[in-house]
Amino acid sequence: MTPVANSVGTPRISPSASIKYPFGAPSLPVDEEKEERVMMLRDALGYLTK
Amino acid sequence: MAKKIRIVHYINQFFGQYGGEDAASMGIVVKEEMVGPGKGLAAALGDRAEIVATVICGDNHIAERLEEVTKEVVDIIEKYKPDLVFAGPAYGAGRYGVACGSVCAAVQKRLGIPAVTAQNEENPGADIFKKELYIIKTGTNARTMADDTKRIVALGLKLLAGEFIGSPEDEGYITRGLARNVKSPKSSAERIVDMLLDKYHGRPFKTEVPIPSHEAVPATPAIKDLANATVVLVTDGGLYPAGNPDRMPSQNADTFRSYSIEGKDELKKGDYIVCHNGYDPSFVLADPNRLVPVDAMRELVKDKVVGKMHEYYLATTGLITTIANSKKTAQAMAEYIKDHNIDAAILTST
């Protein structure tokens with residue numbers, strides 16, 4: 001949904017791998033997926049400070 | 001007999017008759033015949049032209065890697081040596097609209113031939129690509145397909161013949177924001193007084209300088225101290241507690257609800273449902289944290305990266321939502337956020 005968010009002027013956009021799981025990585029084992037999610041969320045929170 | 005005009009038509013999995021959201025991840029399929037809405041195009045084209053191929057692609061497949069898949073689609077289109085390319089109509093469908101716009105824009109740029117699509121004015125695809133393309137204006141659903149396909153064909157043939165393209169009103173396309181010099185019999189002073197008098201008397205009048213459709217929203221200031229900030233998780237992906245207690249709609253919501261996550265380390269599978277007809281919910285149903293990352297927020301609070309997570313998440317359904325309804329929901333959310341001393345929001349969108 002990145003181009004959509006961009007077209008309406010959203011100032012802070014964190015891209016995701018899929019429309020179906022913005023904070024997911026279903027190809028990974030459960031533990032690693034959670035680690036990945038923590039990293040993605042840390043990045044997204046980082047945008048809030050910029 | 002004159003040589004027939006060669007046409008390639010781009011459509012999604014739904015109009016390609018492969019299925020709805022369940023088939024939205026399918027890759028590219030090519031059929032060397034007309035499919036679905038192509039039949040209406042062919043009828044309007046008559047003997048002049050032939051649909052030599054229909055390229056069908058899943059909306060998620062292209063939306064998730066827009067540039068890459070657009071290139072693959074245009075590579076295929078090029079092989080059929082078309083004179084003209086049509087895409088859609090996409091109506092109110094956002095991912096499909098973006099895909100149609102992206103394919104048409106790339107066809108014009110790379111192959112140097114005209115391409116026409118059709119969609120609703122509020123479709124994000126229209127907004128992104130209207131400057132580059134002629135996009136026939138449609139409603140939000142396929143009820144008007146017969147008329148829409150006729151108008152696509154009429155405009156496409158005009159472009160191909162290099163004929164003069166009239167105003168958006170005359171030709172039925174979405175205003176591109178292009179300026180063209182025209183000779184007016186009246187001076188600008190006369191025209192503006194006429195307009196003012198029409199406005200004063202409540203008569204219809206038409207501005208010569210339309211205001212762009214999206215207002216600019218200034219960015220909120222950056223958070224200075226994330227480690228002491230309270231953050232709320234928000235989604236427009238339609239995640240509601242099992243049973244959907246507030247009967248939230250599956251599309252075009254004009255409100256939101258808040259749901260407690262107090263004492264929850266994560267959102268458990270089975271406790272939540274997805275009420276949103278616009279994406280395949282199986283991944284989110286299997287692990288709702290993929291949409292509302294409560295488990296990851298708990299970790300980041302523990303690690304003191306962020307101060308606090310607001311103990312409720314906010315949910316709405318963002319699908320075929322009008323700008324008016326989006327605004328209404330957003331304003332209500334902003335009120336909620338102010339009232340609860342929340343510093344920032346992470347909003348996930350599907």
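This is a predicted model: local features need pLDDT of at least 70, side-chain atom pairs count only at pLDDT 80 or more; totals for chains, interfaces and linings use all residues.
Residues are numbered from 1 along each chain as its sequence is written, and chains are lettered from A, ligands from 1, in the order in which they are written. Local features need pLDDT of at least 70, side-chain atom pairs count only at pLDDT 80 or more, and totals for chains, interfaces and linings use all residues, while side-chain values use heavy atoms, leaving out hydrogens and water.

**Exercise 1. Describe chain A.**

Step 1. Take the secondary structure. Chain A has two helices and zero strands. Helices (H or I, at least four residues) and strands (E, at least two) are DSSP runs, numbered from the N terminus.

Step 2. Take the extent. The C-alpha trace of chain A spans about 35 × 25 × 5 Å along its principal axes.

Step 3. Take the surface. Of the 50 residues in chain A, 38% are buried. Buried means under 20% relative accessible area, exposed over 50%, and partly exposed in between (1.4 Å probe, protein chains only). Chain A exposes about 2,700 Å², and carbon and sulfur atoms supply 54% of that area. Such areas come from the Shrake-Rupley method with a 1.4 Å probe; for residues, only the protein chains shown count as cover.

**Exercise 2. Work out the six-stranded sheet of chain B.**

Step 1. Find the order. The open sheet of chain B runs S2-S3-S1-S4-S5-S6, with mixed pairing. Two strands pair if DSSP finds at least two bridges between them.

Step 2. Find the edges. Strands S2 (29–31) and S6 (134–138) of chain B each have a single partner strand, so one side of each has no neighbour in the sheet. On average, neighbouring strands of this sheet are turned by 20 degrees against each other, direction ignored.

Step 3. Go through the pairs.
- S2(B) and S3(B) run antiparallel and share three bridges; Val29(B) stands opposite Ile56(B).
- S1(B) and S3(B) run parallel and share eight bridges; Asn12(B) stands opposite Cys57(B).
- S1(B) (residues 5–12) and S4(B) (residues 84–91) pair in the parallel sense over four bridges; Ile7(B) has Leu84(B) as its bridge partner.

Step 4. Axes are lines fitted to C-alpha atoms, for helices over the stretch in contact, and angles run from 0 to 180 degrees between N-to-C directions.

Step 5. Check the cover. In S3(B), eight of nine residues are buried.

**Exercise 3. Locate Thr207(B).**

Step 1. Thr207(B) lies in the loop between helix H8 (188–200) and strand S7 (230–235) of chain B.

Step 2. Thr207(B) is partly exposed, with a relative accessible area of 39%.
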